[in-house]
Amino acid sequence: MMGVLNHLSTLLLLSLLPPALSHVVEKFSDVPQCKNFFMKGTTPNLPGILVDGTVQNQNRYKLICQKHKNIYRFATLYDTTKRIPVFSAYTFTGPPTDCRPKHQPWMIEPQLNGETNSPEMQKDSKEIEYQKQAGDNDYNNSIPIKGVNRGHLFPCSHAHDLDTQKSTFTLTNIVPQVVSFNGGSWREMEENVSIKLMTDCINNNGNTEAYVVTGAVPSKNNTLKNALNNRVNIPDLMWTAYCCYNNNLKQWVAQAHWGENQKEDNKTLPSNTLADLYDILNPNYPGGGVQVFPEQYPISLYPTTTTTTNPTTTTNPTTATTPTTTTNPTTNPTTTTNPTTATTPTTTTNPTTNPTTTTTTNPTTTPNPTTTPNSWKNYLEIILFIPRNLYNYMRNSFGRFFG
């Protein structure tokens, strides 16, 4: 009897463990640390897959709070049928402090294999063909056979510390990416976005902070013979978007990029608005209505509010703030006020006509989105980032192109 009671008490204690111990979760909001990878804790809406934070087909799609060395690093929505991620979400807080990790082993998510007692990503055994996820063996000879290699959704170059860099080497964060695309326009875009985030995404505390979501649209040609190793879907399209608070503009800004996963030569991925991205993604999801970030935040790259100004109005910033009045008995009385602010009200009265009042407002100049950061720390990060990233790329070019 005592043995039964002890067993029941153990089960009860296990049921009371906090959800943070779980790695594959029902909702990202179940794990507070994982929820923080999404702006305002709001997950993307992908009709038919993820709506209002709830997975529509829980047998196929799995939410993974990516955990490495007992810390949550980023979040992934994974397709266990096509064996590729739908998206990975992370926060960008600055460039890497270390070089790209050498000889980093590829990892898998054990809970996708039914190992409920393993809340962290683990090294791939290379001896098992996993039923619900890709393994390292799936990418053997991927370049000569399919012309693809391992493409990160959360790129190693966007991870701020070494352990987070290592965590990006889980195969649940990887899609088969065409070699020239991975090492060409997509890599260039990742580098350019990183630099832009360090200049534009400075919060009120003077720190770099941006929310990034990167995803893949699976190939519609879903026959196994077109898949990598007859198992892993090769996506047609890859996309990424970020949103952050710009302390210079005192508002949220956003930007998006996408590209077709195909061979290319000297191609560049242009910057686009979130609205443009939604137009591209909507046809791939039933009914449309794709939304990456909360709707109250900008879908434009930068707000484009235009204000009509009077070109004949001149504001003299050196004029004293004391209003001056000049009266000419032979002309219409005119009162002119030249304050030091950008607004110059002018009132003109003509005694022979109906009185008219004209007010012209010159708005304050909008800061350029590329305005330099608030502190020398950001200058230093940018200066160091470019040669470091170039060095990493040259040193790891063989690793990047040959798996």
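Which cysteine forms a disulfide with Cys 201, and how far apart are their sulfur atoms? I looked this up first in the predicted model, where local features need pLDDT of at least 70, side-chain atom pairs count only at pLDDT 80 or more, and totals for chains, interfaces and linings use all residues. Residues are numbered from 1 along each chain as its sequence is written, and side-chain values use heavy atoms, with hydrogens and water left out.

**Entry on Cys 201.** I found that the partner is Cys 244, with the sulfur atoms 2.0 Å apart; a disulfide is a pair of cysteine sulfur atoms within 2.5 Å. Cys 201 sits in the loop between α6 and β11 and Cys 244 in strand β12, 43 residues apart. I noted that helices (H or I, at least four residues) and strands (E, at least two) are DSSP runs, numbered from the N terminus. Cys 201 has 0% relative accessibility and so counts as buried; buried means under 20% relative accessible area, exposed over 50%, partly exposed in between (1.4 Å probe, protein chains only).

**Entry on Cys 243.** I checked the sulfur of Cys 243 and found it 6.6 Å from the closest cysteine sulfur, in Cys 244, which is too far for a bond.

**Entry on the other disulfide.** The structure holds two disulfides. I found Cys 34 and Cys 65 joined, their sulfur atoms 2.3 Å apart. Cys 34 lies in helix α2 (residues 32-35) and Cys 65 in strand β4 (residues 61-68), so the pair ties together parts 31 residues apart in sequence.

**Entry on α6.** I recorded that 13 of the 16 residues of α6 are buried.
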